[in-house]
Amino acid sequence: MDLDAVRLSFSDDSLVLLNIILGLIMFGVALDLTVEDFRRVARSPRSAAVGLLSQFIILPALTFGLTLLLKPPPSVALGMILVAACPGGNVSNFISHMAGGNTALSVSLTAVSTLGAMAMTPANLVFWGGLNPDTAPMLKALSLPYGELVVTVLTILGLPLVLGMYVASKFPGLRLWLQRPMRIFSILALLGFIVGALAKNWAPFQAHVSSVLVIVALHNGVALGSGWLTARLGGLAPRDRRTVAIETGIQNSGLGLVLIFSFFDGLGGMAIIAAWWGVWHLVGGLTLATFWSRWPAEAK
């Protein structure tokens with residue numbers, strides 16, 4: 001069956017569960033954030049600006065070029081563009097620390113990119129998806145409600161972020177008690193959900209996963225590599241380069257899945273790309289972090 005015609009089975013209850021999981025993940029991320037993280041960006045904006053440029057401008061543009069070069073099925077191309085439009089993933093801070101990167105910068109980028117994603121994720125999806133001649137007809141056929149898309153991203157990212165930062169500020173003891181369990185939950189809950197969703201749709205996944213394995217690995221490699229190169233060209237310190245690479249290569253594929261099942265009716269190519277990315281970016285990120293951890297980087 002043509003991958004563009006595949007629709008993965010996904011109930012309304014499953015979508016509610018995914019929204020709850022993603023909200024809790026973002027709440028856990030927010031527990032690590034403080035107002036000082038935003039102030040740090042204001043005091044030293046260069047590294048953060050390069051990181052945001054890499055995430056929201058360079059990666060989506062390179063992904064668009066990659067879809068033109070590889071010419072995957074349109075639904076796969078749209079899935080790649082959506083993943084590239086999402087902000088950094090919830091484990092990027094841990095992986096950046098493991099890689100010997102600048103953890104403070106990683107946390108600051110998480111804070112600022114989450115806010116930026118409320119506008120940039122929908123904008124990048126619509127812009128680059130509309131620019132690609134293969135994916136543009138899909139967006140037009142679906143009559144994607146841009147305003148509703150923005151509200152959904154705002155709700156999923158913004159509300160848990162505000163609530164988590166409020167709890168962290170007002171209840172420091174509760175924050176310390178919740179931080180480690182929420183980190184573990186973030187990884188296991190999303191991976192568990194992805195595995196469960198794939199198991200429920202095993203036949204179409206098994207039939208088409210081979211066609212996306214190389215694409216996701218290549219796409220993730222481009223993300224990690226372009227993040228490092230952008231940071232190098234931006235004149236950032238070695239530790240900051242590692243952080244920007246990780247922040248660019250670890251994407252919030254859970255947000256991508258919510259949008260796919262909310263606005264694209266579980267379009268097969270998009271869903272398989274986002275689901276497999278959620279697994280593979282951990283493999284790619286942790287492998288790179290393990291390699292880098294053997295060679296400490298200079299701070300300046």
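Q: Let's start with a term: helices are DSSP runs (H or I) of at least four residues, strands are DSSP runs (E) of at least two, and both are numbered from the N terminus. Which helix does Phe38 lie in?
A: This is a predicted model, where local features need pLDDT of at least 70, side-chain atom pairs count only at pLDDT 80 or more, and totals for chains, interfaces and linings use all residues. Residues are numbered from 1 along each chain as its sequence is written, while side-chain values use heavy atoms, with hydrogens and water left out. Residues 35–43 form the helix that holds Phe38, and that is H2.

Q: Buried, partly exposed or exposed: which one is Phe38?
A: Buried means under 20% relative accessible area, exposed means over 50%, and partly exposed is in between (1.4 Å probe, protein chains only). Phe38 has a relative accessible area of 25%, so the label is partly exposed.

Q: How many Å separate the C-alpha atoms of Phe38 and Ala111?
A: Along the chain, Phe38 and Ala111 are 73 residues apart.

Q: Where does Lys71 lie, and is Lys71 buried or exposed?
A: Lys71 sits in the loop between helix H3 (45–70) and H4. Phi of Lys71 is near 50 degrees, a positive value in a residue other than glycine. Its relative accessibility is 61%, so Lys71 is exposed.

Q: How are H4 and H6 arranged: roughly parallel or roughly antiparallel?
A: Helix H4 (residues 74–85) and helix H6 (residues 103–131) pack with their axes 8 Å apart, at an angle of about 150 degrees. Axes are lines fitted to C-alpha atoms, for helices over the stretch in contact, and angles run from 0 to 180 degrees between N-to-C directions. Under 35 degrees counts as roughly parallel, over 145 as roughly antiparallel, 65 to 115 as roughly perpendicular and the rest as oblique. So H4 and H6 are roughly antiparallel.

Q: In which kind of crossing does H6 pass H8, left-handed or right-handed?
A: H6 and H8 pack at about 155 degrees, with axes 9 Å apart, and are therefore roughly antiparallel to each other. A crossing is left-handed if the near helix is turned anticlockwise from the far one by less than a right angle, and right-handed if clockwise. H6 passes H8 in a crossing that is right-handed.

Q: Which elements give two or more residues to the nonpolar patch?
A: Leu163, Tyr166, Phe171, Leu174 and Trp177 make a nonpolar surface patch of about 570 Å². Patch residues have over 30% relative accessible area and no salt bridge, with like charges joined within 9 Å and nonpolar side chains (Val, Leu, Ile, Met, Phe, Trp, Tyr) within 5 Å. Areas come from the Shrake-Rupley method with a 1.4 Å probe, only the protein chains shown counting as cover for residues, and a salt bridge is a side-chain nitrogen of Lys or Arg within 4 Å of a carboxyl oxygen of Asp or Glu. The elements are helix H8 (146–170) and helix H9 (172–200).

Q: What is the relative accessible area of Leu163?
A: Leu163 has its place in helix H8. This residue is partly exposed, because its relative accessible area is 48%.

Q: How many residues of helix H13 are buried?
A: H13 covers residues 253–263 and is mostly covered. Among the buried residues are Leu255, Val258 and Phe263.

Q: Is Thr243 buried or exposed?
A: Thr243 lies in helix H12 (residues 238–249). Its relative accessibility is 0%, so Thr243 counts as buried.
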